[in-house]
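Open the model in your viewer and keep the selection panel at hand. The stops below are in walking order.

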Amino acid sequence: MDFNLTFIGQMIAFAIFVFLTMRYVWPPITQAMEERQKKIADGLSAADRAERDLQLAQEKAAADLKEAKAKAAQIIDQANRRANLIVDEAKTQARTEGERLIERAQSEIEQEMNRAREELRKAVSALVIDGAEKVLGSEVKQDAHNDLLAKLAAEL
Amino acid sequence: MASEHSLTSSEYIQHHLTHLTWGKLPAGFERADGTVLDAPTWTLATTGHEASSMGFMSVNLDTLGWSLALGLIFFVIFRMVARKVVADVPSGTQNFVETVVEFVQDNVKSMFPYQNKMVAPMALTILVWVFLMNFMDLIAIDLLPYGAQLFGEHVLGMDPHHVYFKIVPSTDPNITMGMAFFVFLLILFYSFREKGLGGFLGELSLHPFSSKNMIVQALFIPVNFILEFVNLIAKPVSLGLRLFGNMYAGEMIFILIALTYSGGLGMGVFGGFLQILWGMFHILIISLQAFIFMVLTIVYMSMAYDTGEDH
């Protein structure tokens with residue numbers, strides 16, 4: 001139990017080692033540990049965020065799909081309706097066209113008929129006059145009997 | 001124990017408890033070999049009596065040397081890791097060092113809630129250094145001293161019986177008290193710095209006993225001062241002596257167990273069994289004592305910082 005210079009020596013050595021540790025050992029190691037801690041925390045939160053992002057993306061994809069389906073259905077519906085419309089339109093158009101053609105044909109037929117009738121009348125009146133001339137033996141004065149003839153022709 | 005066949009048990013124990021001391025012998029001192037010194041001389045002590053005659057002006061080369069070597073081992077290992085420290089996946093030594101550092105950091109954080117850059121590194125130094133010093137106790141008790149004797153005899157030409165070699169620094173009160181006293185100086189320094197002279201003196205003299213009556217208070221002051229002063233002095237003394245006492249006792253038991261090896265086969269086997277048992281138990285003690293030294297240092301620092309609002 002003799003105290004001697006060893007006591008002083010150890011005290012100085014202790015002070016020096018504490019100083020060296022404080023200066024050269026403690027700061028870099030604790031700094032690295034802190035850095036790693038931060039890194040791990042960041043990594044974990046990034047993983048969390050990624051998971052959340054994935055979930056959001058999935059939800060968005062599902063919503064988009066649903067919307068697209070609805071839109072497609074709407075488009076098909078619209079197309080169907082439009083097709084029906086076009087068909088209907090074509091039908092009415094064809095009908096009116098047909099009616100118009102029929103009308104024209106009818107009017108043409110009528111015109112032909114009138115013309116034929118006129119010609120026939122003319123021919124009949126000529127025949128009548130011819131016949132009458134032969135029967136009477138004289139010439140029916142065209143001018144004198146013109147009124148009569150015209151009346152006759154109108155009656156035919 | 002080859003060179004110690006001629007020793008008696010008490011001589012063997014004495015030999016193990018004597019330091020390799022280098023110091024100044026006074027003029028007129030009669031040395032162990034009969035020569036008388038004409039002038040004060042710095043020399044190696046050849047006996048325990050010479051070593052103690054040197055008084056304060058001497059150095060225990062063995063314990064201080066081992067202490068420095070172990071401190072250097074601690075510093076080199078930790079510095080190597082600190083230089084190549086990576087924040088990515090650590091490996092090998094860095095894992096180990098970080099475990100120790102984190103352990104110390106946790107302890108400091110829970111016991112020392114103040115801002116100080118020195119306390120945590122000091123705690124780390126204490127923990128590892130004291131552990132290493134204590135660990136020397138687990139090395140076979142005669143191995144290194146015997147090696148030192150051979151070295152002294154054949155290389156330095158010394159009498160092997162005069163080569164003393166204590167390898168456990170913490171069994172030397174100079175070492176443990178040296179560290180404790182440094183802690184004490186820090187306690188004083190931080191107490192003054194944090195509380196001021198008045199605050200520190202107030203802490204020493206105004207409690208445990210206090211009174212609103214001025215006269216009674218004046219009477220209490222010396223009583224308080226005596227109590228608190230003893231309290232203050234007891235800190236470094238108990239800190240240093242606790243470690244010294246534990247390690248000295250452990251070392252002593254190893255020495256006694258080693259004595260059984262000279263008592264025949266039966267005693268030797270029994271001693272071997274005891275040594276293993278005590279060695280395993282001692283692993284606990286050396287770690288625990290290093291931990292206690294560290295914790296108490298942190299607590300004392302914390303008390304020095306504590307400005308005492310809660311008293």
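Start with A:Asp42 and A:Lys38, which lie four residues apart in helix H1 (residues 5-136) of chain A and are therefore separated by about one helical turn. This is a predicted model. Show both side chains: A:Asp42 forms a salt bridge with A:Lys38, with the closest N and O atoms 3.5 Å apart. A:Asp42 is partly exposed at 39% relative accessible area, while A:Lys38 counts as exposed at 55%.

Next, select A:Lys39 and B:Asp88. Their side chains meet in a salt bridge, 2.6 Å from N to O. This pair crosses between chains, from helix H1 of chain A to the loop between helix H3 (61-83) and helix H4 (93-111) of chain B. Both ends count as partly exposed, A:Lys39 at 41% and B:Asp88 at 47%.

Now pick A:Arg36 and B:Glu98, a salt bridge with its closest N and O atoms 2.7 Å apart. Across the interface of chain A and chain B, the rule finds two salt bridges.

Highlight A:Gln10, A:Phe14 and A:Trp26: they supply 20% of the area that chain A buries against chain B, more than any other three residues.

Finally, select residues 6-26 of chain A, where UniProt (unreviewed entry) places a "transmembrane region". The chain is 100% helix there, and the end C-alpha atoms are 27 Å apart.

Methods: Residues numbered from 1 in each chain as written. Chains lettered and ligands numbered in written order. Predicted model: local features only at pLDDT ≥ 70, side-chain atom pairs only at ≥ 80, totals over all residues. Heavy atoms only, no water. UniProt positions renumbered as here; feature names shortened; annotations may be inferred. Helix = DSSP H or I, 4+ residues; strand = E, 2+ residues; numbered from the N terminus. Buried area = accessible area lost by both parts, 1.4 Å probe. Salt bridge = Lys/Arg side-chain N within 4 Å of Asp/Glu carboxyl O. Buried < 20%, exposed > 50% of the residue type's maximum accessible area, 1.4 Å probe, protein only.
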